[in-house]
Amino acid sequence: FFYQNLDGLPQVRVRPSTAVILSSSETRLLCESNDTPFLSVAYWTHAGQRIELNPSIIEMHDNELHIFQFGDTAYTQPGAYACVVSTRYGLLESEPAMLSLPSKLLKI
């Protein structure tokens with residue numbers, strides 16, 4: 001459910017808003033907007049920097065970002081991910097989603 005900004009710009013968000021990147025798994029982030037029509041995702045950012053897509057590691061499919069994790073090798077970085085969408089108002093950046101790595105359990 002979206003609320004319109006007072007300035008009338010559409011709201012853009014990423015789902016899920018928080019996620020854990022598990023080893024040997026895939027994480028998918030979905031970019032959504034209450035703007036109709038939803039034109040397209042221009043690009044994704046991590047910590048404010050545009051993400052360079054890399055096949056089989058980090059890919060964009062329509063309005064989804066697919067992040068692949070192999071073993072414990074962190075190709076993908078935890079932190080804030082956001083989508084930048086092209087709308088009739090120009091480019092708008094979403095609220096960021098926070099990705100984190102699993103917390104390591106300390107053995108005593």
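How many disulfides does the structure hold? The structure holds 1 disulfide, a disulfide being a pair of cysteine sulfur atoms within 2.5 Å.

Before the details, a word on the basis. This is a predicted model, in which local features need pLDDT of at least 70, side-chain atom pairs count only at pLDDT 80 or more, and totals for chains, interfaces and linings use all residues. Residues are numbered from 1 along each chain as its sequence is written, and side-chain values use heavy atoms, with hydrogens and water left out.

The bond joins Cys-31 to Cys-83, with an S to S distance of 2.0 Å. The torsion about this S-S bond is about 70 degrees, so the disulfide is right-handed. Cys-31 belongs to strand 3 and Cys-83 to strand 8 (residues 79-87), so the pair ties together parts 52 residues apart in sequence. Strands here are DSSP runs of E, at least two residues, numbered from the N terminus. Both cysteines, Cys-31 and Cys-83, are buried, that is, under 20% relative accessible area with a 1.4 Å probe, protein chains only.

Strand 3 spans residues 25-33 and also contains Glu-32. Glu-32 counts as buried because its relative accessibility is 17%. Its side chain makes a polar contact with the side chain of Arg-15, at 2.9 Å; such a contact is a pair of N or O atoms within 3.5 Å, where, within protein, one must be able to donate a hydrogen and the other to accept it, and residues adjacent in sequence count only if both atoms are side-chain atoms.

Turning to the sheet, 4 strands form an open, antiparallel arrangement in the order 1-3-7-6. Its edges are strand 1 (12-15) and strand 6 (58-61), each pairing on one side only; pairing requires at least two DSSP bridges between two strands.

Technical notes: Buried means under 20% relative accessible area, exposed over 50%, partly exposed in between (1.4 Å probe, protein chains only).
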